[in-house]
Amino acid sequence: MNKSGVTVTPDCVTKFNDLKLGKSIKYIIYKLSDDYTQIVVEDSSTDPEWENFQSKIMNAKASYKGKEGKGPRYAVYDFQYELEGGEGTRNKIVFIAWSPDEGTLVMPRMTYASSKEALKNALNGIAAEVQANNDEEIEYSTILEKITKGKR
């Protein structure tokens, strides 16, 4: 449990370990349960296409007290990239906190912000973290720049 009182379901950790150890899952998208008391697995996939992952996370919805807005989400992505100079391929498990600046209801946004650490602490083996608040920050090239710190 954390500041917000939200707990992480065991399935979140199990699915993460499947991604980390099995290497068959490409990404996992997590969300808060409808009653905002638990972090749960919303989706996972073996699809290697960044654009499909990006579309799912950017089109997520959240509702609170009968209103609907854009949905913040957490995600873990097994990010693969090529090193410059032909030095090979690298993988990094990246934790992404997606919370759009525009169109997000206040309650979901605040709860996601205050619950992030609970999920991160439950997932051992994250190599990098990215906070994304607009469309540009969830682009492949932007994420690549952040996780490699401009060095490949």
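This is a predicted model: local features need pLDDT of at least 70, side-chain atom pairs count only at pLDDT 80 or more; totals for chains, interfaces and linings use all residues.
**Exercise 1. A helix against its surroundings**

Find the buried residues of helix α4 and state which elements they pack against.

*Solution.* Helix α4 covers residues 140-148, and its buried residues are T142, I143, L144, I147 and T148. These buried residues pack against helix α2 and against the strands β6 (73-82), β7 (89-98) and β8 (128-132). Following the chain beyond the helix, we come to K149, whose phi is positive, near 55°.

**Exercise 2. A lysine without a salt bridge**

Is K26 buried or exposed, and which side chain of opposite charge is nearest to it?

*Solution.* First we place the residue: K26 sits in the loop between α1 (10-22) and β2. K26 is buried, and the nearest side chain of opposite charge, that of D78, is 5.1 Å away. A salt bridge needs a nitrogen to oxygen distance within 4 Å, and K26 has no salt bridge. The side chain of K26 does, however, reach the backbone oxygen of D78 at 2.7 Å. To complete the picture, K26 touches L19, S45, T46, D47, P48, V76, Y77, D78 and Q80, when residues up to four places away in sequence are not counted.

**Exercise 3. Salt bridges**

*Solution.* The search finds seven salt bridges. In general, side chains of opposite charge can pair when their charged atoms come close. One example is the salt bridge between K56 and D43, with a distance of 2.8 Å from N to O. This pair links distant parts of the chain, since K56 belongs to helix α2 (residues 50-58) and D43 to strand β3 (residues 38-45), 13 residues apart. K56 counts as partly exposed because its relative accessibility is 39%, and D43 also counts as partly exposed, because its value is 22%.

For the second part, we follow the links one by one. E117 forms a salt bridge with K120, their closest N and O atoms being 3.5 Å apart, and both residues lie in helix α3 (residues 106-122), three residues apart, which is about one turn of the helix. K120 in turn forms a salt bridge with E129, where the closest N and O atoms are 2.4 Å apart.

**Exercise 4. Strands and their partners**

What is the order of the strands in the open sheet of six strands, and which strands are at its edges?

*Solution.* The order is β1-β3-β2-β6-β7-β8, and the pairing is mixed. The edge strands are β1 (7-8) and β8, each of which pairs on one side only. Within the sheet, β2 and β3 run antiparallel and are joined by six bridges, and the bridge partner of I28 in β3 is S44.

A further pair is formed by β4 (residues 61-64) and β5, which are antiparallel over four bridges, with K67 in β5 as the bridge partner of Y64. Their hairpin has two residues between the strands, and K65 takes a positive phi near 50° there. Strand β5 (residues 67-70) also holds K70, which, leaving aside its neighbours within four places in sequence, is in contact with A60, K61, A62, P100, E102, G103 and T104.

Conventions
Residues are numbered from 1 along each chain as its sequence is written. Side-chain values use heavy atoms; hydrogens and water are left out. Buried means under 20% relative accessible area, exposed over 50%, partly exposed in between (1.4 Å probe, protein chains only). Contact means heavy atoms within 4.5 Å. Lys and Arg count as positive and Asp and Glu as negative; His and the chain ends are not counted. A polar contact is a pair of N or O atoms within 3.5 Å; within protein, one must be able to donate a hydrogen and the other to accept it, and residues adjacent in sequence count only if both atoms are side-chain atoms. Two strands pair if DSSP finds at least two bridges between them.
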